[in-house]
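Keep it short, and spell out the cut-offs.

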Amino acid sequence: MRATFLYGAGDVRVETAPDPAIQQPTDALVRIVRSCVCGSDLHPYHNLPAAEQGTPMGHEFLGVVEDLGAEVSGLRRGDLVVAPFAYSDNRCAFCREGLHTSCPNGGFWASGGVGGGQAEAIRVPQAQGTLVKLPVGEDSELLPSLLTLADVYGTGYHAAKRAHVTPRTTVAVIGDGAVGLMAVLSARRLGAERIILMGRHGERTKLGLDFGATDVVPERGAEGVEKVRELTGGQGVHAVLEAVGYMNAYETAFGIVRPGGVISRVGVPQYEDAPIGFGSLFGSNITLTGGPAPVRAYIENLLPDVLSGAVEPGRVFDRTIGLEQVPDGYRAMNDRTALKVLIQP
Ligand SMILES: [Zn+2]
């Protein structure tokens with residue numbers, strides 16, 4: 001099969017790789033129908049040291065079940081399924097609490113001997129717990145929106161859930177990438193009436209307004225903080241959904257959060273040390289939360305409104321490419337000429 005590998009910063013290659021096969025009785029083999037490039041794929045794209053051996057890439061996909069291990073029930077060959085960005089057994093203590101990313105039998109795509117999603121096919125460990133059957137055909141127009149359930153929609157939703165967004169919550173979302181826009185959509189779904197989107201890319205913030213943002217703040221840093229404070233009568237917001245991951249976004253977050261508020265981070269932090277003391281979090285009783293989203297926990301909840309067309313999260317995809325063009329897809333995301341790139345292998 002053809003599959004995507006990263007050989008170092010900026011060095012994405014599509015190569016012929018061994019066809020995946022069932023290894024464990026709990027595995028499934030899935031032919032990938034749609035995949036995509038994630039903002040978080042850009043972190044290794046920026047800083048992976050050059051290596052002889054390529055790293056498989058991609059953690060968002062939906063596809064058709066081609067083969068099943070002997071212990072997998074509830075799925076059949078030919079089913080169209082979506083996979084969350086982490087696999088899990090969906091039955092251990094952590095999964096039952098909705099924290100599938102901490103499943104002791106789980107793991108992440110493109111690591112530990114499991115392939116990546118930017119490929120023609122993939123072996124799915126813990127298939128019964130991981131894969132969710134989609135009641136549409138592989139020619140459905142809903143595929144882009146359904147693919148967002150693999151990561152970005154669930155991740156934006158996780159940010160809003162962790163921040164306990166309700167109708168009385170004033171929300172600020174930092175970042176106008178796909179996850180930030182999904183955080184806007186999710187906050188709106190949870191009833192928030194005031195949603196301030198911090199982002200400076202006109203087309204993206206326009207989509208954010210369609211998804212439910214009420215205000216857009218393009219300013220950054222101290223200016224951005226001042227603007228959000230102005231918009232909230234000097235008080236700041238109850239919930240900050242941080243969808244960037246850089247230190248300056250974290251600094252903006254504690255600059256705009258209201259006393260007693262919540263900072264919920266879903267942008268993968270590109271730092272280990274950050275202020276948490278009196279002047280940042282402690283003095284104002286701020287809660288800091290967030291982490292990798294257990295999107296498996298949210299798929300059944302988010303699926304009906306995607307199927308009915310009540311929400312169209314797939315609007316974040318603004319370019320579609322074939323598998324051989326994946327290196328161009330990375331470049332386009334990196335240059336910000338594409339918001340999110342859909343791959344049709
Ligand atoms: Zn589990």
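**A guided walk through the model**

Arg-336 sits in the loop between helix 11 and strand 18. Helices (H or I, at least four residues) and strands (E, at least two) are DSSP runs, numbered from the N terminus. This is a predicted model: local features need pLDDT of at least 70, side-chain atom pairs count only at pLDDT 80 or more, and totals for chains, interfaces and linings use all residues. Residues are numbered from 1 along each chain as its sequence is written, and side-chain values use heavy atoms, with hydrogens and water left out.

Arg-336 has a positive phi near 65°, in a residue other than glycine. Most residues other than glycine have a negative phi. Gln-126 is another case, with phi near 50°. Its place is the loop between strand 9 (121-124) and helix 3 (127-130). Gln-126 is buried, at 17% relative accessible area. Buried means under 20% relative accessible area, exposed over 50%, and partly exposed in between (1.4 Å probe, protein chains only).

Now step back into helix 11, residues 326-334. Its buried residues are Val-326, Pro-327, Gly-329, Tyr-330, Ala-332 and Met-333. They pack against strand 1 (2-6), strand 2 (12-16), helix 1 (42-47), strand 17 (319-321) and strand 18 (341-343). Contact here means heavy atoms within 4.5 Å.

Which aromatic partner does Tyr-330 have? The whole structure holds eight aromatic pairs. In one of them, Tyr-45 and Tyr-330 form a tilted pair, 5.4 Å centre to centre with 35° between the planes. Rings of Phe, Tyr and Trp (its six-membered ring) pair if their centres lie within 6.5 Å; planes under 30 degrees apart count as stacked, over 60 as edge-to-face and the rest as tilted. This pair links distant parts of the chain: Tyr-45 is in helix 1 and Tyr-330 in helix 11, 285 residues apart. Tyr-45 is buried at 7% relative accessible area, and Tyr-330 is buried at 0%.

Phe-85 and Phe-108 form a stacked pair, with 6.4 Å between centres and 20° between planes. Phe-85 lies in the loop between strand 6 (80-83) and strand 7, Phe-108 in strand 8, 23 residues apart. Phe-85 is buried at 11%, whereas Phe-108 is partly exposed at 37%. Ring pairs also join Phe-61, Tyr-87 and Trp-109 into a cluster.

Next comes the metal. Asp-89 (OD), Cys-92 (SG), Cys-95 (SG) and Cys-103 (SG) are the protein donors of the zinc ion, 2.1 to 2.3 Å from it. Donors are N, O and S atoms within 2.8 Å of the metal (3.2 Å for Na, K and Ca); water is not among the atoms, so sites may look incomplete. The site is tetrahedral, with angles of 94 to 118° among its four donor atoms. Along the chain the donors follow the spacing D-x2-C-x2-C-x7-C. Cys-92 is in the loop between strand 7 (86-87) and helix 2 (93-96), and Cys-103 in the loop between helix 2 and strand 8 (107-108), so the pair ties together parts 11 residues apart in sequence. Cys-92 is buried at 13% relative accessibility, and Cys-103 at 7%.

Finish at helix 7, residues 202-211. Arg-204, Thr-205, Leu-207, Gly-208 and Phe-211 are buried there. They cover an arc of only 155° around the axis, which puts them on the same side of helix 7. The arc is that of the directions from the helix axis to the C-beta atoms. The face turned away from the buried side of helix 7 carries the exposed residues Glu-203 and Lys-206.

Conventions: Four donors count as tetrahedral if all angles lie between 85 and 135 degrees; four count as square planar and six as octahedral if opposite donors are over 155 degrees apart and all others between 65 and 115; anything else is irregular.
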